[in-house]
Amino acid sequence: MKRVVIIGAGLGGLQCGYILSKNGMQVVVLEHDRIVGGCLQSFRRADTLFDTGFHYIGGLGEGQSLHGLFRYFGLLDLPWHKLDEDCFDEVVIGNRSFAFANGHERFVETLSRAFPHEREGLRRYAEMLRQVGEHLPDTFLPAGEVSRQGDSYFSESLFARSAYDFLCDTIHDPLLRKVLSGTSLKMELDRESLPLYVFAQINNSYIQSAWRIEGGGQQIVDRLTEQIRLNGGEVRTNATVTSVTERDGRVIGVRVNKDEFIEADCVIGAQHPYALMQLLADCPSMRKVYRRRITGLQNSFGMFTANIRLKHGMMPYENRNIYVHKADADLWHVQGDEAESVLISYYCNGDAIDLLTPLRWETVARWAMTPQGRRGQDYVDYKQQKTEECLHLVEQRLPQLRGAIDKVYTSTPLSYQHYTLCHHGTAFGVKKDYRSPLTTVLSPRTPLENLYLTGQNLNLHGVLGVSMTSVLTCAELLGMDTLAEQLDVKHWNK
Ligand SMILES: Cc1cc2nc3c(=O)[nH]c(=O)nc-3n(C[C@H](O)[C@H](O)[C@H](O)COP(=O)(O)OP(=O)(O)OC[C@H]3O[C@@H](n4cnc5c(N)ncnc54)[C@H](O)[C@@H]3O)c2cc1C
């Protein structure tokens, strides 16, 4: 039986473990942290449950983007909670507020009320997003097979198109452009680099439908872990892979916690590829040019998060996300020094709320050498200042929030780097660049024939993107024909 060692028990590593163990391989998933999940970990503070990198997902309804993948992974019966279809996302810019509704027609209709002169542009915008979503199953077509829509090249070519140019070509009113960009703290909007594919595929899935989970995102990774174990695989925590060993151009195993050696027929790096490159000192066949390319890739911004426990009954639950932006914020060039945009995300039980705002590594790098939990008073003061910036921005929309706060817990890119070893605490991993898709959109293959990559850094980030990429990585070992059949891809859009 082929033994596959997977480095990292985030969503990507666990999904690969699930697929490969289901297909008869002997799987060992090794996680550096004390719990599985990576960015999908939930944690408790004085009995209140918080999430790290899970707030909501899109496209879970039947026939939608994520449905077929989550059916395959056995995740559809978790306690999903649908957001308000008339307004799953609210965008607040200055003193004006705009609703995003589910369903492409309703989405266009709702925004056309505020922008009647842009009805046609909105229709074209929504139609493009819908088409990108419809082509999603093409990703899993065996090589050479032509898609139902007739053009399997469509999706790939969108990695080489600018999201910002598409927006400007389609929508002329600058305020509407800002509104349409206003829910996009779930990716780094950058007019110089963001590919249309990333913008369209992610936004489309949320227009289809939007969902929270009751009881924490950890349930997703716990379910996958349970299934891997039932399939005979191992998932180990407190197991940091400290090096990867190669012989004659093939990986032969990994060292765990500098001590134990685990043999492998193949290895999947499910962590940030920069971190993987640091483990390859014992792999002389790994080409220098590849290492240089990977270590030189740019990353998306990190996040500052304020997890807020609320006093009981003081803040009504809202079944939507609220994105608040300063009137003059440039959403396509996030500086990240001062909070100009904040996502307000509710928990289903109404006990807590998260505030998130982008934060760049450079801003917190001066504390990088200090130990987690003991970084000093100036770091504590800085986080307090950041919390204040967020509260100041959101209090116009939620004037009752300050009075409802029981306790605030904060995290920065330093926390993310500490817990998930992701390079510079990046929230969404490697930045894809439409000007150089061939170098920034990574293949699961590496120059070592039995070393593969997976996770958010390759193709598309987020729960949808990572789920898609897990299938692409496993197809390298099992063949896309086998997986496409198991996933029943041919019937996804029906
Ligand atoms: C603040 C924030 C909010 C987000 N909100 C959403 C959202 O609402 N919806 C959504 O769809 N997406 C969201 N995302 C994105 C989503 O969480 C990620 O895209 C996804 O979880 C990444 O999964 P991954 O498996 O690629 O990486 P990770 O979760 O980073 O997993 C990598 C794992 O590898 C482990 N590891 C690293 N090095 C080693 C080693 N040497 N040995 C052993 N283990 C190792 C790490 O500890 C980690 O567990 C959010 C992300 C952030 C940061």
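Guide: Two strands count as paired if DSSP finds at least two bridges between them. The model discussed here is predicted.

Visitor: How many residues lie between S12 and S13 in their hairpin?
Guide: Strand S12 (residues 250-256) and strand S13 (residues 260-263) run antiparallel and are joined by 4 bridges. One of the bridge pairs is Arg255 with Phe261 in S13. In the turn of this hairpin, Asn257 has a positive phi of about 50 degrees. The number of residues between S12 and S13 is 3.

Visitor: Is H1 roughly parallel or roughly perpendicular to H9?
Guide: Helix H1 (residues 11-22) packs against helix H9 (residues 218-230) with the axes 9 Å apart and an angle of about 30 degrees. Angles under 35 degrees count as roughly parallel. H1 and H9 are therefore roughly parallel.

Visitor: How many charged residues take part in the contact of H1 with H9?
Guide: H1 passes H9 in a left-handed crossing. On the H1 side the contact includes Leu11, Leu14 and Tyr18, and on the H9 side Ile220, Val221 and Leu224 are among the residues. By class there are 7 nonpolar and 5 polar residues. The count of charged residues is none.

Visitor: Is H4 roughly parallel or roughly perpendicular to H8?
Guide: The axes of helix H4 (residues 119-134) and helix H8 (residues 196-208) are 8 Å apart, at an angle of about 95 degrees. Angles from 65 to 115 degrees count as roughly perpendicular. H4 and H8 are therefore roughly perpendicular.

Visitor: How many charged residues does the contact of H4 with H8 have?
Guide: The H4 side consists of Met128, Leu129, Arg130, Val132 and Gly133, and the residues they meet in H8 include Tyr197, Ala200 and Ile207. By class, 6 of the contact residues are nonpolar and 6 are polar. The number of charged residues is 1.

Visitor: In S9, which residue is the bridge partner of His81?
Guide: S9 belongs to an open sheet of 3 strands, ordered S5-S9-S6 with antiparallel pairing. Strand S5 (57-58) and strand S6 (80-82) are its edges, each pairing on one side only. S6 is joined to strand S9 (residues 210-213) by 3 bridges. The partner of His81 in S9 is Arg212.

Visitor: How many residues in the shell around the ligand are charged?
Guide: The ligand is surrounded by 39 residues, the closest being Gly8, Gly10, Gly38, Gly53 and Gly455. At least two residues of the shell come from each of H1, strand S15 (302-310), helix H15 (413-420) and helix H17 (462-478). By class the shell has 20 nonpolar and 16 polar residues. Its number of charged residues is 3.

Note on methods
Residues numbered from 1 in each chain as written. Predicted model: local features only at pLDDT ≥ 70, side-chain atom pairs only at ≥ 80, totals over all residues. Axes fitted to C-alpha atoms, helices over the stretch in contact; angles between N-to-C directions. Parallel < 35°, antiparallel > 145°, perpendicular 65-115°, else oblique. Left-handed = near helix turned anticlockwise from the far one by under 90°. Contact = placed C-beta atoms within 7 Å. Nonpolar A, V, L, I, M, F, W, Y, C, P; charged D, E, K, R; others polar. Near = placed C-beta within 6 Å.
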